[in-house]
Structures are given as C-alpha cells and as structure tokens.
Amino acid sequence: MPKRELLNELYGRYINEFGDKEIVLGDGNIDSEIVLVGEAPGKDEVKLSKPFVGAAGKNLSQFMDILGIKREDIYITNVIKHRLSKINPNTGRIINRAATKADIDAVKDYLLQEIRIIDPVYVVTLGNVPLKAATGDYGISIGTVHGQTLEVEVLDKVYKFFPLYHPASIIYNRSLKEIYLDDLKKLSQLIKG
Ligand code: URA
C-alpha cells in the first residue's frame, strides 16, 4: 500500500481512539529523509491544525534556517497528537500540561508505526518525550544524549536518532542556546554526510 494510504489508515485509527480530543496530525514531506518528532500540540497548533506553528515553532524555524532545511522538505509530527490541557486553578484558563508516562504509553505504538511508514534516514527527536516514547526507556534523559547519534530499533528496523533539546526549552533556559547551536552543527554535518 502507498505510504499516504498507510498513514491515513494509521491516523484514522488514532482519530477513532482519541476523537474527543483536539487532534493535530503529522505534516510535511512523507518521502523526507528526516522526521522531526515533538511532544504534543498546543493551542496555536490546534487552531491551525499543524504541528509547531506557535512560539516553539518560531524557534524551530530559526534552527531549520541554520541547517538550511525548509519546513516543507521534512516531516514534522508529535508523539501525542492531541492537546494535553488542564485548567489553571488561578485563572480558570485552559493551559497545556506536561505528558505523563500514561499519556506516552497510550500513543507510543502509533509513533513507532508512523516512523516505520515514513521510513526516514534520520529521526530528530525534540526533548524527552519522543526519546522515551521511541526507545521505551523512561530513564533516558535528553541532558545526557543530546547531540549524539543513537541507533534505535523501531519495530523491525534500526534507525539513526539524533536527540535535540526541545525548542521550547531554549525559550525558558537561554543558556541552552549555545549547546543547541552546537548540536545543530553536528546534525548539519551528519545530514550533509
Ligand atoms: N508544538 C508542537 O507541535 N509540538 C511541541 O512539542 C511543541 C509545540
């Protein structure tokens, strides 16, 4: 079956399971050598039905400029394809919440199948959540593996993973920016071979 049909079938199953939630599916070039995997969509992503279009997306675009990669050339997705939200008890507003192990467990098989269908050369993970979901290792931490190439078995095939910090973490922790730029240089060299 063509990739598009396989993906549509996979996404259809996701929508059946989580249809009461605000869902944002993967987006981009399904034949790309690079798949970028984030955590979960936020408010802006839900509004535009596209991953990484809010504040974290702006940072991501800057980093892709550094790599000389265009957004439309790669495939961008999230581990959790629906918004994780809660009510802020102080303001009564709906805000994003962090993914729990149960959230990741509930969806990680979809991510593994998604990666196998797209079958890229590199999987670039952003932050801890995709790293934990794809490896199944909840003890793994971005702080110790960022900027390195990892071999990760996804279903029946080994892929090259390149973990980066989540672009949102640079917004909250400016001191990570230098590290991030260094990691991006390494990724750029890896991609250019
Ligand atoms: N937007 C996304 O789509 N994913 C993230 O992980 C963060 C922001």
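A pocket is an open set of points on a 1 Å grid over the protein atoms alone, with protein on both sides within 12 Å along at least five of seven lines, while a cavity is a set where a 1.4 Å probe fits but cannot get out; lining residues have an atom within 4 Å of a point. Grid points are joined across faces, edges and corners, and a volume is the space filled by probe spheres set on the points. This is a predicted model, where local features need pLDDT of at least 70 and side-chain atom pairs count only at pLDDT 80 or more, while totals for chains, interfaces and linings use all residues. Residues are numbered from 1 along each chain as its sequence is written, and side-chain values use heavy atoms, with hydrogens and water left out.

Q: How much space lies in the largest pocket?
A: The largest pocket is lined by 35 residues, and Ala40, Asn96, His166, Ala168 and Tyr172 lie nearest its centre. Its space comes to about 880 Å³.

Q: Which element gives the most to the lining of the largest pocket?
A: Helices (H or I, at least four residues) and strands (E, at least two) are DSSP runs, numbered from the N terminus. Two or more lining residues come from each of helix H2 (43-48), helix H3 (55-67), strand E5 (94-96), helix H5 (128-135) and helix H7 (167-172). With 4 residues, the one that gives the most is H7.

Q: How many residues in the lining of the largest pocket are charged?
A: Here Ala, Val, Leu, Ile, Met, Phe, Trp, Tyr, Cys and Pro count as nonpolar, Asp, Glu, Lys and Arg as charged, and the others, Gly among them, as polar. The lining has 18 nonpolar and 9 polar residues, and the charged ones number 8.

Q: Where does the ligand sit?
A: A molecule sits in a pocket or cavity if more than half of its atoms lie within 2 Å of its grid points. The residues around the ligand (a heavy atom within 4 Å) include Gly38, Pro41, Glu45, Ala56 and Asn78. By that rule, the ligand sits in the largest pocket.

Q: Which residue has a side-chain N or O atom 2.8 Å from an oxygen atom of the ligand?
A: A polar contact is a pair of N or O atoms within 3.5 Å. Glu39 has a polar backbone atom 2.8 Å from a ligand oxygen, and for Phe52 a backbone N or O atom lies 2.9 Å from one. The side chain asked about belongs to His166.

Q: How much of the area that the ligand exposes when taken alone does the protein bury?
A: Accessible areas come from the Shrake-Rupley method with a 1.4 Å probe. Taken alone, the ligand exposes 240 Å², and the part of it buried by the protein is 90%.

Q: What is the volume of the largest cavity?
A: There are 2 cavities of 30 Å³ or more. The lining of the largest cavity has 11 nonpolar residues, with no polar and no charged ones, and H3 gives the most to it, with 4 residues. The volume of this cavity is about 50 Å³.

Q: What is the volume of the second largest cavity?
A: Its lining divides into 9 nonpolar, no polar and no charged residues, among them Ile34, Ile69, Ile74 and Ile191. The volume is about 40 Å³.

Q: In which loop is Ser49 found?
A: Ser49 is not a glycine, yet its phi is positive, about 55 degrees. Its place is the loop between H2 and H3.

Definitions and conventions:
Polar contact = N/O pair within 3.5 Å; in protein donor to acceptor, adjacent residues only side chain to side chain.
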